[in-house]
Structures are given as C-alpha cells and as structure tokens.
Amino acid sequence: MADHSAPSVLIAENLILNRVREIATQIQRDYEGRPLTVLGIFNGSFIFLADLLRNLSLPLQMDSMVVSSYRGKNSTGMVQVQQCSERCHLSDHDILVVDDILETGLTLEAIQKHLLDLEPMPRSIEFCILLRKNCPRKCEINARYVGFDIANEFVVGYGLDFNGQYRNLPYIGVLQV
Ligand code: 5GP
Ligand code: MG
C-alpha cells in the first residue's frame, strides 16, 4: 500500500516566515532608491516569492521564468528555460533572481547566462534563495540572500514538489521512506 504519512518537519512555518521578513528587510535596505525587478523562478519559488513580495514596500516590478531540471528526486543535469515572459524589460535593470533551492548551481548559472546575453545587459544581477544545500556545486554561485543552509537531503513543501505533489505544505519537510 502507498505510504500517505506526512513529510517530517525540517523547517517550521513560523521559522520560514520570520526569516523571509528578515531577508525582505535586507533587500529593502540594499535597493533603496533603485527601482527593482524581481525575477521569480517557477514553479518552485512561487510561495517564497509571494511571501517575500508582501514584505517589500519599495517600488518594484515582477517577472517570471519557468526552469526545470528535475524528474522525481534526481536532477537531469539539463536545465531548460521553458518560458520567459517578455512583459517587463530586464535589460538595463537591477534584477533580483528569486529561487527555491541552490543545489548544483546549474539552474542559477543557466539563468545568469541568459540574463547576461540580454542587450543591453542588466545593471546588476543578484540571487535570493530560500534554501542552500550542503553538497558539492558544479558551478560557483554567490547568492547574496540565503534563507537557510540545509543538509543534502531531498525536501518538499512551501512551493517545492516531489513529482508535482506537496507544494501546498506550509512548512519545509523531508519525505519519510
Ligand atoms: P541545481 O540546478 O542548483 O542543482 O538545482 C536547483 C533546482 O533543483 C531547484 O530550483 C529545485 O527546483 C530543484 N531541487 C534541488 N534540490 C531539491 C530538493 O531537495 N527538493 C525539490 N523539491 N527540488 C529540488
Ligand atoms: Mg527550481
């Protein structure tokens, strides 16, 4: 029979929301007087992004990219930028890329390459990630804003999925095996 037990709690909802508020305060300070473009990487970052944006009161616009590299619990190692909305102009703007997890770094490197190819180039590119896994990186990515450092295990919830499930959990959890 399938196991329907809930994932065990790794980071509780109130800890996440407190940390999101702290990060928003930092961003608010760093971008004061600079109109900001927040680029959400979907699907995984959508809840983090929504909570973060509600804590920012500076002028900003938001855009999104859909990027995927995972099938089940394993990265395919091939990063696909599936869609980039062209409603807002990324060129010549200060861009803050918001993503769920930094693991190998391949995803953020692909996004960075994509943004650096724009003409004119963005004025600045910084990364804001909710989780940074303690594992070997394939690309060196310096994220300016990091929510939590976590061990090298597969997590779900707060926007993160396993084969499309669990995104709606309000906390970050680890699947029971
Ligand atoms: P990277 O390209 O850095 O190896 O992986 C980043 C992407 O892989 C994340 O944006 C996320 O979509 C996915 N990912 C990496 N680790 C996990 C994990 O533990 N759980 C889930 N649900 N997705 C992960
Ligand atoms: Mg992702």
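**Stop 1: the core**

Select I27, L52, C128, L131 and I172. In this predicted model, they belong to the largest nonpolar core, which has 28 residues.

Color α1 next. That helix gives the most to this core, with five residues.

**Stop 2: the whole fold**

Now switch to a cartoon view of the protein. How many helices and strands does the secondary structure have? There are three helices and nine strands. Follow the chain along the sequence.

Of the 177 residues of the protein, 46% count as buried.

**Stop 3: a sheet of three strands**

Select β1, β9 and β8. They form an open sheet in the order β1-β9-β8, and the pairing is antiparallel. Why do β1 (8-11) and β8 each have one side without a neighbour in the sheet? Both stand at the edges, so each has a single partner strand.

Zoom in on β8 and β9. Two bridges join them, in the antiparallel sense. Pick V155 and look across. V174 in β9 stands opposite.

**Stop 4: around ligand 1**

Now show distances between ligand 1 and the backbone:

- Select E103. One of its backbone N or O atoms lies 2.9 Å from an oxygen atom of ligand 1.
- Select G105. A polar backbone atom of this residue is 2.8 Å from an oxygen atom of ligand 1.
- Select D161. Here a backbone N or O atom lies 2.7 Å from a nitrogen atom of ligand 1.

How much of ligand 1 does the protein bury? Taken alone, ligand 1 exposes 510 Å², and the protein buries 92% of that.

**Stop 5: a lysine in β6**

You will find K133 in strand β6. Is K133 buried or exposed? K133 has a relative accessible area of 5%. The cut-off for buried is under 20%, so K133 counts as buried.

What does the side chain of K133 meet? It makes a polar contact with the side chain of E103, at 3.3 Å. The backbone oxygen of E153 lies 3.3 Å from a polar atom of the K133 side chain.

**Stop 6: two cis peptide bonds**

Select F42 and N43. The peptide bond that joins them is cis, with omega about 10°. N43 sits in the loop between β2 (36-42) and α2 (46-54).

Now move along to E119 and P120. A cis peptide bond joins these two as well, with omega about -10°. Where is P120? Look in the loop between α3 (106-116) and β6 (124-133).

**Stop 7: two tyrosines with positive phi**

Select Y158 first. Its phi is near 50°, a positive value in a residue other than glycine. Y158 lies in the loop between β8 (155-156) and β9 (172-174). Is Y158 buried or exposed? At 4% relative accessibility, Y158 counts as buried.

Then select Y166, which is also in the loop between β8 and β9. The phi of Y166 is near 80°, again a positive value in a residue other than glycine. How does the accessibility of Y166 class this residue? Y166 has 25% relative accessibility, so this tyrosine counts as partly exposed.

Notes:
Residues are numbered from 1 along each chain as its sequence is written. Chains are lettered from A and ligands numbered from 1 in the order in which they are written. This is a predicted model: local features need pLDDT of at least 70, side-chain atom pairs count only at pLDDT 80 or more; totals for chains, interfaces and linings use all residues. Side-chain values use heavy atoms; hydrogens and water are left out. Helices (H or I, at least four residues) and strands (E, at least two) are DSSP runs, numbered from the N terminus. Buried means under 20% relative accessible area, exposed over 50%, partly exposed in between (1.4 Å probe, protein chains only). Two strands pair if DSSP finds at least two bridges between them. A polar contact is a pair of N or O atoms within 3.5 Å; within protein, one must be able to donate a hydrogen and the other to accept it, and residues adjacent in sequence count only if both atoms are side-chain atoms. Accessible areas come from the Shrake-Rupley method with a 1.4 Å probe; for residues, only the protein chains shown count as cover. A nonpolar core is a set of buried Ala, Val, Leu, Ile, Met, Phe, Trp, Tyr and Cys residues joined through side-chain atoms within 4.5 Å.
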